[in-house]
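Subject: Structure handover

Hello,

Here is the structure for your files. Please open it first, then read my notes below.

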Amino acid sequence: MQKLSERINRLAESATLAMARMSRELKAEGKDVIALSLGEPDFNTPEFIKDAAKEAITNNYSHYTPVPGLDELRNSIAKKFKRDNKLEFTKDEIVVSTGAKQSLANICLSLLDPGDEVLLPCPYWVSYAEIIKLAEGIPVEISSSVTKNFKVSPKQIENAITDKTRMFMFSSPCNPSGSVYTEDELREIAEIFKKYPNIYIVSDEIYEHINFTDKHFSIGTIDSLKDRVITVNGVSKGFAMTGWRVGFIGAPLWIAKACNKIQGQVTSATCAIAQKATEEAMNADPKIVTNEMKSSFLKRRDLLLEKLNSIKGIKCNIPDGAFYIFPDVSYFFGKSDGDKVIKNADDLCMYLLNSCYVALVSGAPFGNPECVRISYAASENNLLEAAKRIQIQLEKLK
Ligand SMILES: Cc1ncc(COP(=O)(O)O)c(C=O)c1O
């Protein structure tokens with residue numbers, strides 16, 4: 001009998017990876033697909049980081065490393081946290097993992113008991129809800145919308161807190177909305193959590209360096225929360241290193257130790273060569289590494305926003321970071337091209353994929369079913385062509 005566990009049956013496939021798979025299949029059939037569904041920079045890893053990896057191979061970094069990462073890497077991450085975020089961590093409070101995705105899984109498995117609730121401001125990154133469920137926790141959504149710039153208020157957060165609330169998890173800059181919580185907003189949110197000492201805050205700062213306001217604020221620097229913020233970061237986005245699989249946390253020692261314990265049984269540590277490359281990335285001036293990428297993203301954001309805003313029925317906010325636009329497309333729900341009725345964002349994404357070969361991701365698995373996520377980590381030509389195709393197809397819906 002082929003019987004899978006209840007745990008795996010509860011888990012949804014990653015929506016972004018599913019869309020990537022479907023667009024690959026269409027491409028293999030020879031269709032001219034423009035994939036704006038991907039969550040990775042379309043830049044290559046900087047040369048000096050690649051050189052560090054080559055040197056690591058020559059120097060025989062081919063052995064297991066300590067489970068939480070090489071000492072020299074964790075020391076350079078501690079320096080990065082201090083330099084960029086004003087966060088103080090010792091080497092032992094840092095755990096390096098196989099991507100920030102594994103860091104998040106380690107945290108949830110370490111802190112959540114069955115039935116514990118985790119507050120997720122909407123929209124949230126798709127994997128948060130599924131990782132929480134994997135750890136037998138319960139995701140609790142706090143709603144937001146395009147008119148609120150996809151941010152939640154302290155009052156909404158307080159209203160969602162119950163006896164079972166164990167954690168608050170968010171990303172700023174946010175995937176998928178690109179919204180950036182300001183220092184003032186985070187201080188107001190911190191005032192709420194001051195009253196609830198049993199709630200832990202997971203601050204996912206993986207898009208830190210792709211922030212067009214140039215003002216990144218780490219909630220972990222707020223004194224009253226110091227002992228219960230886990231700061232998550234990594235090199236995937238800011239350093240164009242998605243395939244290297246390195247993410248990390250800075251956390252109170254007892255949480256870092258728990259994450260270390262899980263990792264020691266599941267993966268040991270991430271790749272030694274990737275760790276040496278990451279050490280080089282951490283020691284570099286992030287401005288020099290990311291400036292070119294950031295200005296290129298900003299240009300593309302403005303280009304795509306202008307095109308989208310000229311399409312009747314699409315409502316966008318102005319994203320301050322990351323490389324996504326998250327428009328409200330609910331105007332099209334209930335409309336039809338004469339063949340099929342578009343009931344929701346999932347239908348709209350399938351309609352666009354199959355009719356004009358543009359791959360987007362539905363907002364539903366991000367907690368905002370009235371939206372779609374468009375990644376602008378693509379060439380300007382592809383963005384212009386995609387916007388043209390989207391406009392033509394959407395105008396057919398009556
Ligand atoms: C908000 C957010 N957090 C974490 C991750 C995971 O990054 P990685 O596992 O590549 O470090 C992603 C990747 O898409 C993300 O968008």
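Start with the contacts. In the protein chain, 75% of the contacts with a separation of 6 or more are between residues 24 or more positions apart. Contact here means heavy atoms within 4.5 Å.

Two notes on the source. This is a predicted model, with local features needing pLDDT of at least 70, side-chain atom pairs counting only at pLDDT 80 or more, and totals for chains, interfaces and linings using all residues. Residues are numbered from 1 along each chain as its sequence is written, and side-chain values use heavy atoms, with hydrogens and water left out.

Overall dimensions

The protein chain has a radius of gyration of 21 Å, which agrees with the value near 21 Å for a compact globule of 398 residues. That radius is taken over C-alpha atoms, and the globule rule is 2.2 Å times the number of residues to the power 0.38. Along the principal axes, the C-alpha atoms fill a box of roughly 60 × 55 × 55 Å.

Of the 398 residues, 55% count as buried. The classes are buried under 20% relative accessible area, exposed over 50%, and partly exposed in between (1.4 Å probe, protein chains only). The chain exposes about 17600 Å², with carbon and sulfur atoms supplying 51% of it. Areas come from the Shrake-Rupley method with a 1.4 Å probe; for residues, only the protein chains shown count as cover.

The sheet and its helices

The chain has 13 helices and twelve strands. These are DSSP runs numbered from the N terminus: helices are H or I with at least four residues, strands are E with at least two.

Seven strands make an open, mixed sheet in the order β2-β8-β7-β6-β5-β3-β4. Two strands pair if DSSP finds at least two bridges between them. At the edges stand β2 and β4 (138-142), each with a single partner strand, so one side of each has no neighbour in the sheet. From one strand to the next, the twist averages 20°.

Look at β3 (residues 117-121) and β5 (residues 165-171): they run parallel and are joined by three bridges. Leu119 has Phe168 in β5 as its bridge partner.

Helix α4 packs on the sheet, where it touches β2, β7 (229-234) and β8 (247-250), and its direction makes about 115° with that of β2. Helix α5 (residues 100-111) lies across β2, β5, β6 (200-204), β7 and β8, at about 160° to β7. Axes are lines fitted to C-alpha atoms, for helices over the stretch in contact; angles run from 0 to 180 degrees between N-to-C directions.

Salt bridges

The structure holds 28 salt bridges. The criterion is a side-chain nitrogen of Lys or Arg within 4 Å of a carboxyl oxygen of Asp or Glu.

Arg74 is worth a look. Its side chain meets that of Asp71 in a salt bridge (2.9 Å, N to O). Both residues lie in helix α4 (residues 71-85), three residues apart, about one turn of the helix. Arg74 also forms a salt bridge with Asp92 (3.8 Å, N to O). Asp92 lies in the loop between α4 and β2 (94-97), so this pair ties together parts 18 residues apart in sequence. Arg74 is buried at 4% relative accessible area, while Asp71 is partly exposed at 36% and Asp92 is partly exposed at 45%.

Elsewhere, Lys343 and Asp347 meet in a salt bridge (3.4 Å, N to O). Lys343 is exposed at 57%, whereas Asp347 is buried at 13%. Finally, salt bridges link Asp32, Glu385, Lys388 and Arg389 in a network.

Best wishes
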